[in-house]
Amino acid sequence: MVFRGLLFVFLLLLPLESAAQPTCALSEVIRERLRDISREAPQVQGIQVDGRLLEIWRNHDGSTWSVTITAFSNGKKFTCIMAHGTDFQPVIWFLEDGST
C-alpha cells in the first residue's frame, strides 16, 4: 500500500509533455487542462473491469487527442493522461454480415 502511495506521488510530479509516463492529478485539474489548454472534450468512455473509467478525448477537428483513466483513491478522484497525440481518425468497422 505504501508503494502505491509513493508511486502515485511520483506520477503527480511528471509534466504533461512527458510522452513516456502518464501524468496524474486530481480529476478537476486534468479535465480543466484538457478542456481549456488542449480544447478537448470526451468523445467515448467505458468502465474497465477493475472499475476505473477510461475516456478518449479529442478536440473539434481531431488534430489532438488524449486517453485518460480515472479512479478513486482515499476518497478523491484522480485522473491520469495515459497517452496523447495528433491526427485522431475515427474508424468504422463492418462485421461480416455488413452491420457496424
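Predicted model: local features only at pLDDT ≥ 70, side-chain atom pairs only at ≥ 80, totals over all residues.

In the protein, among contacts with a separation of 6 or more, 29% are between residues 24 or more positions apart; a contact here means heavy atoms within 4.5 Å. Residues are numbered from 1 along each chain as its sequence is written, and side-chain values use heavy atoms, with hydrogens and water left out.

The protein contains 2 helices and 5 strands, arranged from the N terminus as α-β-α-β-β-β-β. Helices (H or I, at least four residues) and strands (E, at least two) are DSSP runs, numbered from the N terminus.

Of the 100 residues in the protein, 26% are buried, where buried means under 20% relative accessible area, exposed over 50%, and partly exposed in between, with a 1.4 Å probe and protein chains only. The protein exposes about 7,300 Å², and carbon and sulfur atoms supply 61% of this area.

Let us turn to the sheet. In what order do the strands of the open sheet lie? The order is 1-5-4-3-2, with antiparallel pairing; two strands pair if DSSP finds at least two bridges between them. Strand 1 and strand 2, the latter covering 40-47, are the edge strands, each pairing on one side only. From one strand to the next, the twist averages 25°. In general, strands of a sheet pair through backbone hydrogen bonds, either parallel or antiparallel.

I shall now follow the pairings. Strand 2 is joined to strand 3 (residues 53-59) by 7 bridges in the antiparallel sense, and Glu 40 has Asn 59 in strand 3 as its bridge partner. Strand 3 and strand 4 also run antiparallel, joined by 6 bridges, with Glu 55 partnered by Thr 68 in strand 4. Their hairpin has 4 residues between the strands, and Gly 62 there takes a positive phi near 80°. Between strand 4 and strand 5 there are 10 bridges, again antiparallel, and Thr 68 stands opposite Ile 81 in strand 5. The hairpin of strand 4 and strand 5 has 2 residues between the strands, with Asn 74 in the turn at a positive phi of about 55°.

Helix 2 (residues 27-37) lies across strand 1, strand 2, strand 3, strand 4 (64-73) and strand 5, and runs at about 115° to strand 1. Such angles run from 0 to 180 degrees between N-to-C directions, with axes being lines fitted to C-alpha atoms, for helices over the stretch in contact.

How many disulfides does a search of the whole structure find? The search finds 1, a disulfide being a pair of cysteine sulfur atoms within 2.5 Å. Cys 24 and Cys 80 form it, with their sulfur atoms 1.9 Å apart. The pair links distant parts of the chain, Cys 24 in strand 1 (residues 23-26) and Cys 80 in strand 5, 56 residues apart. Both cysteines, Cys 24 and Cys 80, are buried. The torsion about their S-S bond is about 110°, and the disulfide is therefore right-handed.

Finally, consider Thr 79, found in strand 5 (residues 76-86). Is Thr 79 buried or exposed? Thr 79 is buried, because its relative accessible area is 1%. Beyond its neighbours within four places in sequence, Thr 79 contacts several residues, including Cys 24, Ile 30 and Thr 70.

Technical notes. Areas by Shrake-Rupley, 256 points an atom, 1.4 Å probe, with all protein chains shown as cover.
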